[in-house]
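Colleague: I have a model open and would like to learn how to read it. Can you take me through it feature by feature?

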Amino acid sequence: MLAPDYCARCDKKTCTRLIFSLSPQEPLTVLTKAMFNVLFLCTGNSCRSILAEATFNALAPEGWRAMSAGSQPTGQVHPRSLALLAREGIATESLYSKSWDNLPTTPDIVITVCASAAGETCPAYLGPVLRTHWGVEDPAHATGTDDEIDAAFVKAYRILRERIEAFFALPLETLTRDRAALKAAMDKIAQINV
């Protein structure tokens, strides 16, 4: 269903409060809500999804917000994730490891970040949302010297940041009106590596 020409709340033809939900029943439905909610999902919610949540929120324009969760959260954010974000100047105060059972709001988009190519089981979020997979190797499993482990965290962060920057470079105002095109664009972003 296409968006109506006028906002039902204020009778303006171009209301800035209009955004579009990603409902599976209809290509898109007009909603009068404040923002799109993006869920970064992995198993432990201690590294990759935390890095993605914090980076997304640091770069997000008005109307976009990220959260993260895990299907089996570790209960703590990896200290190297927090240290890396702090070095990058990204706020970490509100970050914590949480379950997908306790989300503050229903996501519009779910991006899984587990590395299923490495044999890791990637949780499947069940719900009427747009989904994509941006697999990244888990730096929490890196071994070696401190420098080598830090390098694994930096690599995961850089891949996620490049993908998030590519996401925000998309014509989102247009793509949020076309579910298939947005899905295709997000799937293409998954191929970005550094």
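Colleague: What is the mean pLDDT of the chain?

Modeller: This is a predicted model, and its mean pLDDT is 81. Of its residues, 77% reach 70 or more. Look at the start of the chain separately. Over residues 1–33, pLDDT stays under 50. The model has 60 contacts beyond four places in sequence for that stretch.

Colleague: How many helices and strands does the chain have?

Modeller: There are 5 helices and 6 strands. Along the sequence they follow the pattern β-β-β-α-β-α-β-β-α-α-α. The chain has 194 residues, and buried ones make up 43% of them. The accessible surface comes to about 10,000 Å², with 52% of it belonging to carbon and sulfur atoms. Contacts tell you about the fold too. Of those between residues at least 6 apart in sequence, 66% join residues at least 24 apart.

Colleague: Now the sheet. In what order do its strands lie?

Modeller: Strands of a sheet pair through backbone hydrogen bonds, either parallel or antiparallel. Here an open sheet of 4 strands has the order β4-β3-β5-β6, and the pairing is parallel. β4 (64–70) and β6 (130–133) stand at the edges. Each has a single partner strand, so one side of each lacks a neighbour in the sheet. From one strand to the next, the twist averages 20 degrees.

Colleague: Which helix packs on that sheet?

Modeller: Helix α5, residues 179–189, packs there and touches β5 and β6. Its direction makes about 15 degrees with that of β6.

Colleague: How many bridges join the strand pairs β3 to β4 and β5 to β6?

Modeller: β3 and β4 run parallel and are joined by 7 bridges. In that pair, C42 stands opposite G70 of β4. Strand β5 (residues 109–112) pairs with β6 over 4 bridges, also in the parallel sense. There, the bridge partner of V110 is R131 in β6.

Colleague: Why is β3 described as largely enclosed?

Modeller: Start with the general idea. In a regular strand the side chains alternate between the two faces of the sheet. Now check burial on each face of β3. F36, V38, F40 and C42 are buried on one side. N37, L39 and L41 are buried on the other. That makes 7 of the 7 residues in β3 (residues 36–42), so the rest of the structure largely encloses this strand.

Colleague: Take S81. Is it buried or exposed?

Modeller: Compare the relative accessible area with the cut-off: buried means under 20%. S81 has 0%, so it is buried. S81 lies in helix α2, residues 79–87. Beyond residues up to four places away in sequence, S81 touches S46, C47, L51 and F153. A polar atom of the S81 side chain lies 3.4 Å from the backbone oxygen of S46. S81 and Y157 are 76 residues apart in sequence, while their C-alpha atoms are 8.7 Å apart in space.

Colleague: And where is S97 found?

Modeller: S97 is in the loop between α2 and β5. S97 is buried, with a relative accessible area of 11%. Next, read its polar partners. The S97 side chain reaches the backbone oxygen of N45 at 3.0 Å. A polar atom of that side chain also lies 3.1 Å from the backbone nitrogen of G75. Leaving aside neighbours within four places in sequence, the contacts of S97 include G44, P73, T74, Q76 and V77.

Terms used
Residues numbered from 1 in each chain as written. Predicted model: local features only at pLDDT ≥ 70, side-chain atom pairs only at ≥ 80, totals over all residues. Heavy atoms only, no water. Pairing = 2+ DSSP bridges. Helix = DSSP H or I, 4+ residues; strand = E, 2+ residues; numbered from the N terminus. Axes fitted to C-alpha atoms, helices over the stretch in contact; angles between N-to-C directions. Contact = heavy atoms within 4.5 Å. pLDDT = per-residue confidence, 0-100. Buried < 20%, exposed > 50% of the residue type's maximum accessible area, 1.4 Å probe, protein only. Polar contact = N/O pair within 3.5 Å; in protein donor to acceptor, adjacent residues only side chain to side chain. Areas by Shrake-Rupley, 256 points an atom, 1.4 Å probe, with all protein chains shown as cover.
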